[in-house]
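Please consult the sequence and the structure shown below while reading.

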Amino acid sequence: MEQKRRGVRLVLFPCPLQGHINPMLQLASILYSKGFSITIIHTRFNSPNSSNFPHFTFIPIPDGISDLDPNSISLAHLSLLNINCVVPLRDCLLRLLSNHNITTSSAEAEPIPCLISDAIMHFTQGVADSLNLPRLALRTSSVESFLSFAAFSVSWQKNCLPDSQLETPVTELPPLIVKDLPMINTFTLDCMYQLLGSMVDQAKASSGLIWNSFDDLEQSALATLSQQFPIPVFTIGPFHKLFSASSSSLLTQDHSCIAWLDTQPPKSVIYVSYGSLVSIDEAEFVEMAWGLANSNCPFLWVVRSGMFHDSERVGPLWPDGFLETIKGKGCIVEWAPQQDVLAHPAVGGFWTHNGWNSTLESICEGVPMLCLPCFGDQSMNARLVSHVWMVGLQLENKSERGQIERSIRRLMVEKEGEEMRERVASLKEKAEVCVNKGGSSCKSLEDLMARILSF
Ligand code: UDX
């Protein structure tokens, strides 16, 4: 049933990375389904496909990095966006707000109560303040990882510890151990400190924080958050239970792998994907390839052409004999319809980098994980998966083929994996309950709408 339109327009501004665009557009779809009109202001770099969202208004703004190869994006570029977009976003919002005061056209006459922007686009708080517009921040990763970014000085101190202490628990940030903390070196220190510090400070200054997470999943981190951040908090995830990420995919999803999955036995296939940003070197790639082949488990592997450290290289250089060895056992695509893949009955495990979207999507389909986190929030998400929820096991970085093969078999065919599958099935049920009527995320969404309408 079509929701009665409210005559209220929400303006959203995503961070232009796949793992951030997906949850922002899902949030927009959720709010649209609740009767709000939607305008998405976005950078020209990695601009979303507006034709998949015919009910939304899209407005591009200049960003100064639109010619950049999306595979080369770095922390420094995110910092640059926080500078380059100040004036264009302010001008754009000013135009929308003043059109509202003078126009007679129905769309433009709708009041705009607030701006909703990605937490990492921290400059948006200053822009909103200058226009007297409340801002709600969307943090697209786990609450746990946000807390550790907020404790930046702890990470910095621990980064100075010798390697022998990598496994030591971080008492300030349970359940993390030293090696889970963000890697900070003197080269990235200034950039990270500035970006993450501002993200946290400006989130604190916002009129509320929205999370793509749910209460039962991150209870203890949410309790700590409420002590440290005395602002309204809305845990309304997992968003993709309500709207799929497919329509905001920047790359074309190759659906042919679903037909291949149809030919495989139930829970036999390991799905392998490192998301949209991680890159690997030649040696890691070769070990991955032979580890997968030697495990004897069927696999579906996402190999992006831009996933190699060597940026000159287009596409993979397959090790000699590999493609012949895996005939019938392996399916390789450049980009998959991930949600459909994880929901497929043939998929029994997910070898992931633990980007937050992938982690949530795996939980919601009851798929246990083999975790190989690479940077940022991923190691903290992986710690939750392997040691708190116990629905996955961790692979060591730079694992060699023998370790990979053993880990895959532990997850896919041994009792240990079966137990993880049972535990993740129970988390899957909790995720279903929370988004249904009366569930915690459903109630939190009502609180969010009340907050928006109170501005
Ligand atoms: C980035 C960071 O790396 C991650 O740590 C952070 O939590 C969010 O931003 P990314 O690396 O792309 O994201 O990973 P992830 O968060 O897992 O998001 C990837 C998205 O792309 C998921 O929604 C997934 O469904 C989608 N995807 C992935 C596809 O549609 N097809 C694929 O083949 C792989």
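A search of the whole structure finds one cavity of 30 Å³ or more. On a 1 Å grid over the protein atoms alone, a cavity is a set of points where a 1.4 Å probe fits but cannot get out, whereas a pocket is an open set with protein on both sides within 12 Å along at least five of seven lines; lining residues have an atom within 4 Å of a point. Grid points are joined across faces, edges and corners, and a volume is the space filled by probe spheres set on the points. The largest cavity holds about 40 Å³ of space.

The residues that line the largest cavity are Pro14, Cys15, Pro16, Ile21, His42, Thr43, Phe45, Asn46, Ser47 and Pro48. Six of these lining residues are nonpolar, four are polar and none is charged. In this classification Ala, Val, Leu, Ile, Met, Phe, Trp, Tyr, Cys and Pro count as nonpolar, Asp, Glu, Lys and Arg as charged, and the others, Gly among them, as polar.

## Basis of the model

The model is predicted: local features need pLDDT of at least 70, side-chain atom pairs count only at pLDDT 80 or more, and totals for chains, interfaces and linings use all residues. Residues are numbered from 1 along each chain as its sequence is written, and side-chain values use heavy atoms, with hydrogens and water left out.

## Domains and the pocket they share

The chain is divided into domain 1 (9-153 + 191-248 + 435-454) and domain 2 (256-431), with bounds that come from an automatic or database domain assignment. Their C-alpha centres lie 29 Å apart. In the contact between them, 26 residues of domain 1 meet 21 residues of domain 2, where contact means heavy atoms within 4.5 Å.

The second largest pocket contains about 240 Å³ of space. It is lined by 14 residues, of which Pro70, Asn71, Leu251, Ser276 and Arg304 are the closest to its centre. Each of domain 1 and domain 2 supplies at least three residues to this lining. Its composition is five nonpolar, six polar and three charged residues.

## The seven-stranded sheet

Seven strands form an open sheet in the order E3-E2-E1-E4-E5-E6-E7, with parallel pairing. Strand E3 (57-61) and strand E7 (233-235) are the edge strands, each pairing on one side only. Neighbouring strands are turned by 20° against each other on average, direction ignored. Two strands pair if DSSP finds at least two bridges between them; helices (H or I, at least four residues) and strands (E, at least two) are DSSP runs, numbered from the N terminus.

Three bridges link strand E1 (residues 9-13) and strand E4 (residues 115-118) in the parallel sense, and valine 11 stands opposite leucine 115 in E4. Helix H1 (residues 18-33) lies across E1, strand E2 (37-43), E3, E4, strand E5 (135-139) and strand E6 (209-211), running at about 155° to E4. Axes are lines fitted to C-alpha atoms, for helices over the stretch in contact, and angles run from 0 to 180 degrees between N-to-C directions.

## The six-stranded sheet

A further open sheet has six strands in the order E10-E9-E8-E11-E12-E13, and the pairing is parallel. Strand E10 (330-333) and strand E13 (392-394) stand at the edges with a single partner strand each, so one side of each is left without a neighbour in the sheet. The twist averages 15° from one strand to the next.

Strand E11 (residues 347-352) and strand E12 (residues 369-371) run parallel and are joined by three bridges; tryptophan 351 has leucine 370 in E12 as its bridge partner. Helix H15 (residues 378-388) packs on this sheet and touches E12 and E13, with its direction at about 120° to that of E13.

## Backbone geometry

Most residues other than glycine have a negative phi, and most peptide bonds are trans. Asparagine 46, in the loop between E2 and E3, has a positive phi near 50°. Proline 174 and proline 175 are joined by a cis peptide bond with omega of about 5°, and proline 175 is placed in the loop between helix H7 (152-159) and helix H8 (186-204). The bond from glycine 237 to proline 238 is also cis, with omega near -10°; proline 238 lies in the loop between E7 and helix H10 (256-262).
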